[in-house]
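Work through the exercises below with the sequence and the structure open beside you, and try each task before reading its solution.

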Amino acid sequence: MASDTGNESAARRDQAVTAALEEGLAGPGSPITALLDVTGIRGSATALRAAFEAVVPAGTPVLHAFAVKASPLVPVLRLLYEEGLGAEVASPGELALARAAGIRPERTVLDSPAKTGTELREALGLGIAVNADNPQELARLDALVHAAPTSSPIGLRVNPQIGAGSIGALSTATATSKFGVALRDEGARDWVVRAYLDRPWLTRLHTHSGSQGLPLELLASGVRAAYELAEEINGAAGRRQIDTIDIGGGLPVNFASDAQTPSYADYARLLAREVPGLLDGRYGLVTEFGRSLLAKHGLVLARVEYTKTAGGRPIAVTHAGVQIAARTVYAPASWPLRIAAYDAKGRPKAGPDVAQDVAGPACFAGDLLAENRPLPLLEPGDWVAVLDTGAYYFAHHYAYNSLARPGVHGFTAGTEGVRFRTVRAPQSVEEIVAESGGSTPDALLGMGGGQE
Ligand SMILES: *Cc1c(COP(=O)(O)O)cnc(C)c1O
């Protein structure tokens, strides 16, 4: 992104870490906290809008619906909304978060492979765009649309079956993916065309080929497959029945350095080359980016509590582990994270690199954020910053060992200093008890069920 080099965001980060320790957002009594770079988030939103504005004629309707699952935090949704984005939601909880952020129904899209009848009725009542996942869901929509008029634009999700990226669990366009109508299966394409011809209210087409690990070319070929299908359907209908194509999200994030590559502009230019008809103004567009808008703008700051050696290897025991980085801990080869070392005052730590393990607080041996990682030798009272964790990490708490959800603070940093605002307060132990049946300790007593 031209306006925000990796150097600038790294400088803001260093400033914010020092200030967070000075102001006590993190300290001996609060040994883990999460920070979000508001300037970085705004910059990514601006870059996304600019990238697509540059490749479609002026006036083409484009809705960038942020995939709420990437950062389900209301103030983040609100910030992105102010930056001109909407929301893609996939559960009653995510819809409630988007509504709490004040995101209007016209800027909200509901996707999910398992929408209940109640969810569908609510969405149609509100006028939220709905993408049906499968023929059975479409049959439910038939009944609802006939029962009551709706202003909701309705689409169907197709799986172009273009293949997997490097992470199988996040590849949604494989031959046997659970998502959408599998377009290359026998008879499926004809069925889809007929489904549209039978339903004049079906005006959108949706595809999303996967998240992280998909090369841009593969993403673009999924989009091209959706575009070609839309052209075929509109040809068969003899009118522009499909007026909007939802191309999903999935722009991969670089977890290896501060550089924000690939950029939205790279992807938009590739689409302009590979699928020019999609961008010539005849179709409205919906996008659903998540990770690429937030990942690089978040970090977790965690204290080094103890250090030791085992089998000759230095180990730093910190307060950041599986509770904030479940994917990295359980699938380290797919989800490596960068770690930056700071001293007790939050200054970047200097010193020769020593290969060491960075461990979390959870009680199982695999709770490691990094193995054999070259870093200045960590000491008790130092801090580690777990970088690029703004999406799908600290906002996706995993309650192992009843470890508390860390607080999340947004920051701006510059010559005028660092300012913080609380996005989410840290979870207290009282809340942990309350959420764990703490008000009904006798619930299982007096039921009978004894052996005699
Ligand atoms: C997860 C998801 C997205 C967002 O994917 P990112 O990789 O975070 O950009 C978009 N659309 C759908 C349907 C999804 O499931």
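**Exercise 1.** Find which strand gives the largest share of the lining of the largest cavity.

*Solution.* The strand is β1, which contributes three residues, the largest share of that lining. Before going further, note that this is a predicted model, in which local features need pLDDT of at least 70 and side-chain atom pairs count only at pLDDT 80 or more, while totals for chains, interfaces and linings use all residues. Residues are numbered from 1 along each chain as its sequence is written, and side-chain values use heavy atoms, with hydrogens and water left out. Strands (E, at least two residues) and helices (H or I, at least four) are DSSP runs numbered from the N terminus.

**Exercise 2.** Determine how the axes of helices α5 and α6 are placed relative to each other.

*Solution.* The axes, lines fitted to C-alpha atoms over the stretch in contact, with angles from 0 to 180 degrees between N-to-C directions, come within 11 Å for α5 (residues 117–126) and α6 (residues 135–147), and cross at roughly 50 degrees. That makes α5 oblique to α6, since angles under 35 degrees count as roughly parallel, over 145 as roughly antiparallel, 65 to 115 as roughly perpendicular and the rest as oblique. Contact (heavy atoms within 4.5 Å) involves, among others, Leu-120 of α5 and Leu-141 of α6.
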